[in-house]
Structure formats: structure tokens, C-alpha cells
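The report below describes a single chain and its ligand, moving from one local feature to the next. Please read it beside the sequence and the model.

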Amino acid sequence: MNLSNTVILPGQTIGIIGGGQLGRMMALAAKPMGYRVAVLDPDIDSPCGQVADHRIIGSYNDLDAIKNLAKVSDVITYEFENIDSSALEWLCDHANVPQGTALLEISQDRIKEKKAIQKAGAEVAPFAIITKIDEIYDNMERLGFPAVLKTSRGGYDGKGQQVIRNEQDLVKATELLHQGPCVLEKWVSFKKEISIILTRNTNGETSVFPVAENIHIDNILHQTIVPARISNSVEEKAIQYAKQLAESFQLVGTLAVEMFLTDKDEIYINELAPRPHNSGHYTIEACETSQFEQHIRAVCHLPFGNTALLKPAVMVNILGEHQSKILEMWSKLSDWKVHFYGKKEPKQKRKMGHVTILHDSTDAAMEEAINSRVWESDIEKLTLGEKR
Ligand code: AMP
């Protein structure tokens, strides 16, 4: 059903597939605008379910549950990309899904994603498609040690990946092939990781958020620093790449583009996410309009808000292992913007919330995070260079 130019009015219902923290923050942006929110998630007490008006309980590929979501929703969006393709097809034929399915299908599959990025005129790290063990050995010679083998589908936060530093790692990596086709990527010795979040509507208007600098530990985003400490020419090139991708995909909604920046100021696109992104959480307090509000604006066919940065900001994730330290400080915290996602069990490495620290400079904001000692063991890892 093509209703993508329909303006969704306050009082109407936005349906979200997926009840995690991204859905919760979308819902929290939609509510002040007067929208009702419905969420589809298997868990009745999901982070988004806790703040939504309607909860549809079911798995993401349960067609009956999808139909129930469509019944109560005037427009449908999603907070994660691994949605079953037949469920999506049904939705696109029977409900208002302005984002469509094309970009979702690309970002569900690393092989398709890399080809689509190249087609849009941007660069990816040298890679090979791997379907049999022999192909790993054949391509290691060209790509060299270290390299990384990634499953083409289903991986996130470093899951479904194996860094290959030596022959022993090669043997471990072959196990990933049981999960289906993989990509073997050259290891990029980047000086920084950066990301850009941009939003585009059906009229082809694009809105770009400030470039973010990201630090990952154990493959999970640890910290985002904005403005990114990069030159103007790198900033311009990164934004140009992101816009090229958005145009090429005829994006509707939000696209997060993760990039590696090398010493020679080359930019390689690492990964795409067709939704608001962890590296854009800083926008909630640090930008005039947040990534979540902008996303709601795109799918409700409303004009975009201004994305100007109001203050330098550092966002740090609160994983399960950090939660108790933040709670110990709770009664003394004033200026930190602390978000918890309502997840019950603070498991190791599980994203429980995040903190945004606004300051006069990013150095001062980072220093506050360091002095709090909440992330002491992570910072030790960084200084030891144990980034994986
Ligand atoms: P991904 O799930 O592909 O985004 O990978 C998670 C993190 O692993 C990235 O943010 C990087 O820190 C690191 N990584 C992944 N692929 C590469 C690569 N080819 N070269 C260097 N670092 C990588």
C-alpha cells in the first residue's frame, strides 16, 4: 500500500516492530507530539512495551501478530533490521510502511550491503565472499593477516565474527561457515571510527546530524564524542558519502553509516543500519532535534527539525557491569543525562542504558566520565590497546 505521502496526525498510531531501547526512545519522542504507539515484541514487559499504548505480543515473524500490529497502526516503522522478509512483504502490501523493504533487505545481508555501498560510489574495506573453507585460505593471501570473517546475516555487536590473526584463528573462523555465507574482510588499521546519522523523506529532503566519533571496546560501542575530532575536509567527505548512500537507496527514514578513517584520511564504510543508532543517542540532549524525533517526523511525513549541535557532548553506554556503579552515584548525579531502558537483568555486556555528558568541550566531558571511575576497567583496556 503506498501511503507514504500521508501526513500522520496527533492521535493516530505509530506501530513499531521491536520493543528494545531504540523503539522505547522512538516512542518517547512520539508521545509529546501526541501520537499513540503500538509495539510488537515477544516480551510483554519490553523496554518499548513499558511506554507504549498498545502491546502486541508475538515473535517478529509471526504473521498473525504482524497483522494485529497493522490493524491498530496508521503507520509502521521498525527498530531493528532482522525482520522476516515474508512478514515484511505482507506488511508492505497491506499497511503503511513508508520506509519500504529495499534498504532492510540490503542491510540484513553484509554481501548485498557491501555491493550496494560500492554501487553508490563509496568505498568498503577489501573483502571476499566466502561460501567454502578453501576460499578462506585462498583469499587470506590477498587480504593478509589480520583479517576478520563475518557471517553475512544475523550478526551484531561483534557476534558472528572472528578476527583471524594467525593459523589457529583460521580454524576457529571456519566454524562460522556453518551459519551460512560469510565475508572475509581485510583488517583496517583505522585511526578513528566515525558515524553519520541522516534522515530522508519521500520528497527527497535530507537532514544530517553532526559527525560522531566512536570508540568500541570488545566490538560494542563504548563512547561517542561529538563533535568528532576530525578535519573539515574529512567531515565534508564523510557527509558526502552518507548523502550519496541515502540518494542511491532512495532512503525514507533514518540511516546510520559507520565508517573507518585511516591515517591517510581514507574513509571506508563499515556498516549501515536503516534505523536510529546507538551512536546517535547524544542527539537527545545535545541537538535541537533528536534522531528519534527526526525519524518519527520522516515516517509521519512531517518537515524536519534543525539538527544543530547545542553543546559538545560525550555519550557513554551503561552495560550490565556498569549499572551498580551508576546506581551508587544516583543520589549525587545532577548534570549527567542518565537513561535506563527498563531492562530487568543487568547481564554482562548487555546495554542497560546510557549517559550523555554535555560540557564546554569534549575533553572536559570525557574527563568527567573518567573521573567517575564507572568505566575504569574499560578505559584500562583502551590504554592497553585491547580493543577486541
Ligand atoms: P561490525 O559489527 O562489523 O560493525 O564490527 C564491530 C567493530 O569491530 C567495528 O566497529 C570495529 O571496531 C571492529 N571491526 C569490524 N570490522 C573491522 C575491520 N575490517 N577492520 C578493523 N576493525 C573492524
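## An aromatic pair

Trp 330 counts as partly exposed, at 45% relative accessibility, where buried means under 20% relative accessible area, exposed over 50% and partly exposed in between, computed with a 1.4 Å probe on protein chains only. This is a predicted model, in which local features need pLDDT of at least 70 and side-chain atom pairs count only at pLDDT 80 or more, while totals for chains, interfaces and linings use all residues. Residues are numbered from 1 along each chain as its sequence is written, and side-chain values use heavy atoms, with hydrogens and water left out.

The structure holds 4 aromatic pairs, a pair being two rings of Phe, Tyr or Trp (its six-membered ring) with centres within 6.5 Å, stacked if the planes are under 30 degrees apart, edge-to-face if over 60 and tilted for the rest. One of them is the tilted pair of Trp 330 and Phe 340, with 5.9 Å centre to centre and 50 degrees between the planes. Trp 330 lies in the loop between helix H11 (323–329) and strand E16 (337–340), and Phe 340 lies in strand E16, so the pair ties together parts that are 10 residues apart in sequence; helices (H or I, at least four residues) and strands (E, at least two) are DSSP runs numbered from the N terminus. Phe 340 is likewise partly exposed, at 23% relative accessibility.

At the start of H5, a side-chain oxygen of Asp 109 reaches to within 2.9 Å of the backbone nitrogen of Ile 111. The buried residues of H5 include Arg 110, Ile 111 and Lys 114, and Lys 114 lies over the face of Phe 127, at 5.6 Å from the ring centre (the criterion being NZ of Lys or CZ of Arg within 6 Å of the ring centre and within 35 degrees of the ring normal). Just after H5, Gly 121 takes a positive phi of about 90 degrees.

Glu 123 is placed in the loop between helix H5 (110–119) and strand E5 (127–130) and is partly exposed, with a relative accessible area of 43%. Leaving aside neighbours within four places in sequence, Glu 123 is in contact (heavy atoms within 4.5 Å) with residues including Ile 117, Tyr 241 and Tyr 268.

## Around the ligand

Of the 16 residues around the ligand, Lys 150, Gln 161, Glu 185, Glu 193 and Glu 271 come nearest, a residue being near if one of its heavy atoms lies within 4 Å. A polar side-chain atom of Lys 150 lies 2.8 Å from an oxygen atom of the ligand, and a polar side-chain atom of Arg 110 lies 3.2 Å from a ligand oxygen atom.

## Backbone exceptions

Most residues other than glycine have a negative phi, and most peptide bonds are trans. A cis peptide bond joins Phe 145 and Pro 146, with omega about -10 degrees, and Pro 146 is in the loop between helix H6 (133–143) and strand E6 (147–151). Val 226 and Pro 227 are also joined by a cis peptide bond, with omega about 5 degrees.

His 301, a residue other than glycine, has a positive phi near 60 degrees, and at 16% relative accessibility His 301 counts as buried. Lys 349 has a positive phi of about 70 degrees although it is not a glycine, and with a relative accessible area of 29% Lys 349 is partly exposed.

Technical notes:
Polar contact = N/O pair within 3.5 Å; in protein donor to acceptor, adjacent residues only side chain to side chain.
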